[in-house]
Amino acid sequence: MESAILKTEGLSAYYEDNQVVKNINLSIPEFKITAIMGPSGCGKSTLVRCFNRMHEMVPGARIEGKVFLKEENVYDMESITVRTRIGMVFQRPNPFPMMTIRDNVIAGYILNGIKLNRSKSDDIVKQSLKEAALWDEVKDYLHKRGTFLSGGQQQRLCIARALAVKPDVLLFDEPTSALDPKATSHIEGLMADLKNTVTIILVTHNIAQAGRVSDFIAFLYLGELVEFGPKGRLLTTPKDKRTEEFLTGKFG
Amino acid sequence: MDTLVLSKGKMLSTHPGVRAEATFQKTIFLSALVIIVLLVAIFLSLLIHSVPSLKAFGLSFFFSKTWDPVSATFGVLPFLVGTLLTSFLALLICLPFSLAISIFIGEYFKKGALSSFLKTVTELLAGIPSIIYGFWALFVLVPIVRNFQTKIGVFPYGVGILTASMILSVMIIPYAASIAREVISLVPSDVKEAAYSLGSTRQEVITKVVLPYARSGIVAGILLALGRALGETMAVTMVIGNSNRLPKGFFSPGNSMASVIANEFTEATASLHISSLIEIALLLFLVTMIINIIGKYIIKKISVGA
Amino acid sequence: MDLHRLKLRIWKDRGFKAIVILFSFLSIVPLLLILFYIIKNGILSISWEFFVELPRPVGEKGGGISNAIVGSLLLVIIAGLPSIPLGIAAGIYLSENKKSRITYWSGLAVDVLQGTPSIVIGIIVYLWVVVPMGGFSAFAGGIALGIMMLPMIVKATEETLSLIPGSLKEASLALGVPYYRTILRVTLPAGVSGIMTGVLISTARVAGETAPLLFTAFGNAFMNWNLNNPVNSLPLLIYNYATSPYPEWHQVAWGASCVLVVFVLTLNLVMRTVIRRWKVQF
């Protein structure tokens with residue numbers, strides 16, 4: 001069994017009194033793509049936001065249980081440290097409009113007040129953009145604002161930005177739902193390359209995407225972890241009736 | 001509606017509604033027009049009555065520091081300096097407070113009792129008449145400044161540029177704060193989330209993402225506050241010290257463009273004196289007009305882009 | 001990312017929040033100080049006589065500010081009579097003809113007018129009204145205040161009417177109601193709370209104005225109901241008495257300030273609660 005880089009123990013998440021994530025025990029294997037799949041409202045976004053501690057930023061939000069990143073309890077660490085080790089790519093691309101493309105990539109350093117000398121930052125920019133398969137398209141425009149980029153390019157810029165701080169885990173929260181099919185397949189291909197260096201957790205409600213991209217799938221329904229296993233097994237011979245109903249389109 | 005169409009296509013109506021309609025349209029159109037005419041008339045009046053002074057002094061009006069009704073020499077430099085000093089100093093003093101309020105309400109406490117309270121207080125600050133500010137400053141602030149000046153060994157005028165700047169800064173806090181607060185609260189959450197997800201603290205997100213994003217709105221707020229400060233009369237008049245000499249420092253008494261008009265206009269008899277005062281009014285009018293136009297233009301650009 | 005910097009950043013974060021809260025609440029201090037002093041000093045003068053009697057000459061005890069109160073009321077009424085209808089009419093035009101050139105320039109003129117220093121307005125009305133009339137008058141003062149009220153009323157009307165959904169207008173027009181009646185009987189009433197707010201805010205503003213009255217209404221030691229003669233107002237009285245050398249007059253000024261401040265602030269607070277309740281929900 002692959003080693004687990006991220007583990008949850010009895011994780012529950014609440015918005016005020018509304019329990020949205022129910023007592024989840026999950027082990028995310030390292031250097032693989034794990035898809036968190038389920039219908040809308042099943043709690044998958046909330047779940048991953050408990051990993052990088054973005055959930056607690058909502059007023060009235062709280063969690064119970066534990067989350068471990070490489071044996072360290074994420075909730076015992078400083079939240080801002082957690083977020084440099086667990087990065088996030090959002091549903092809608094959100095590059096910083098006031099920054100150049102170059103500064104967007106190293107935003108994780110700039111915003112946190114970490115000074116990089118010129119050559120080090122150049123290296124990071126180039127490497128991150130290459131890892132995000134965007135380097136060739138923007139290498140001559142590094143000093144322009146990123147507003148002229150297409151949706152898919154902006155999303156890859158956001159991926160480069162997240163990669164630049166060298167996280168252990170990268171969370172993708174429905175990253176292609178705002179993109180066209182061509183940009184989508186671009187990013188799906190990207191994820192396959194990235195998993196060799198960073199563990200990927202992909203939130204999606206799109207079964208086909210989970211099938212194309214993931215190694216493991218966790219199926220969430222109404223806040224509960226219904227089933228977890230290797231993609232092939234879960235998609236063809238699900239153990240739980242609810243998984244089967246979701247896969248056959250009984251609910252969306 | 002009954003209408004008779006005449007040969008030339010004109011509608012002659014027997015129905016009173018159509019006439020009323022036309023009257024209504026004409027009335028509202030003329031009302032809108034009147035405002036334009038009013039403004040143009042204001043400008044022209046000021047210009048025409050400044051002509052004697054313009055003819056007598058020309059450009060030297062702006063550089064001469066002598067303002068002497070007795071010898072009929074008039075130069076606006078002392079008041080230009082007085083206005084600029086008090087306005088910019090007031091702006092400088094008010095900025096940390098205005099920014100703090102706008103960040104408080106726009107970021108940290110968007111909802112709730114605390115933010116309503118602060119909002120109410122800011123609006124009340126804006127609602128207090130300037131004479132009240134001036135009166136209070138004259139009887140409370142001036143003695144304090146006078147004490148301070150005695151302690152540090154400066155001539156204890158009490159009144160002066162600094163005192164005027166202090167009361168002015170309190171008056172313009174709401175102006176800068178309200179616009180800044182608007183733009184700060186309108187910064188889209190996904191840009192902020194991106195910064196948080198990279199491990200930034202709240203302070204870093206505010207200073208490095210929110211404020212730069214809201215930059216133009218903040219500038220507009222500052223401009224509007226500046227416009228207000230430049231034109232403020234009563235509070236400044238009461239504590240600036242009414243001296244027509246070029247102020248030497250922040251403790252000197254002086255006069256602003258508005259305060260010299262307030263002080264001298266009713267007593268001015270010589271037509272050149274009056275004309276010079278009106279030329280100052282013209283200057284005030286033009287300067288505040290330009291600043292307001294720029295400020296409003298920036299605000300319009302932001303609202304369209306949002 | 002090392003630990004030392006981490007602690008520093010966390011402390012910066014906490015410190016920043018503390019400074020923001022501190023400076024925000026420091027801004028309240030001037031308001032509190034002003035209210036405190038005005039009420040503390042002014043309350044000594046407040047009495048029934050204060051409101052109904054005329055000012056006494058220096059040296060005589062007693063007296064009041066009745067002429068100033070009456071004068072303020074007169075001025076506000078004279079100001080409102082032309083400017084409210086004119087402002088609402090212009091506001092209607094601006095909100096109904098958004099693409100017209102006149103709207104663009106008129107809107108610009110409104111903004112410039114609003115930002116024009118009040119002392120400049122005073123000079124203008126002096127040139128246009130006082131000189132031809134041969135003297136200071138309540139009428140001139142009213143006109144000056146009216147010009148100042150105008151932009152606020154126009155803006156309040158324009159913004160309120162722009163927010164009213166077009167479906168309301170369409171429903172009326174579809175019933176065959178002519179355009180002008182639709183505006184007057186449907187749109188305008190729907191916007192009454194916003195327009196009223198604008199009127200009240202502008203009234204509160206001009207009630208406290210002094211500068212435009214310095215060369216128009218000029219002030220009057222006695223009661224005056226004649227529009228052709230100079231008239232006193234609360235702010236004018238405060239200015240004249242405060243800058244005089246007589247302590248008795250200073251005391252009257254405190255009392256008058258108390259009255260003015262209470263009036264303006266009450267108006268502001270009342271507006272916020274009442275208007276909220278009046279707001280027509282869509």
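**Notebook: B:Ile167 and its surroundings**

I started at B:Ile167, which touches B:Tyr133, B:Ala137, B:Leu141, B:Ala235 and B:Val239, leaving aside residues up to four places away in sequence. The model I am reading is predicted.

Next I looked up the nonpolar cores. The largest has 249 residues. B:Ile167 is among those with the most contacts inside it, along with B:Ala176, B:Val239, B:Ala281 and C:Ile238. I checked which element gives the most to this core: α5(B), with 17 residues.

Then I turned to the helix pair. Helix α4 of chain B spans residues 130-152, and helix α5 of chain B spans residues 161-185. Their axes come within 10 Å and cross at roughly 135 degrees.

From α4(B) they are B:Ser130, B:Tyr133, B:Ala137, B:Leu141, B:Val142 and B:Val145. From α5(B) they are B:Leu162, B:Thr163, B:Met166, B:Ile167, B:Val170 and B:Met171. By class I have 10 nonpolar, 2 polar and no charged residues.

Last, I looked up the contact between chains C and B. Chain C puts in 66 residues and chain B 62 residues. On the side of chain C that touches chain B, helix α1 of chain C (residues 3-26) has the largest share, 11 residues.

Definitions and conventions. Residues numbered from 1 in each chain as written. Chains lettered and ligands numbered in written order. Predicted model: local features only at pLDDT ≥ 70, side-chain atom pairs only at ≥ 80, totals over all residues. Axes fitted to C-alpha atoms, helices over the stretch in contact; angles between N-to-C directions. Helix = DSSP H or I, 4+ residues; strand = E, 2+ residues; numbered from the N terminus. Contact = placed C-beta atoms within 7 Å. Nonpolar A, V, L, I, M, F, W, Y, C, P; charged D, E, K, R; others polar. Core = buried A, V, L, I, M, F, W, Y, C linked by C-beta atoms within 7 Å. Buried ≥ 20, exposed ≤ 12 C-beta atoms within 10 Å, placed from the backbone.
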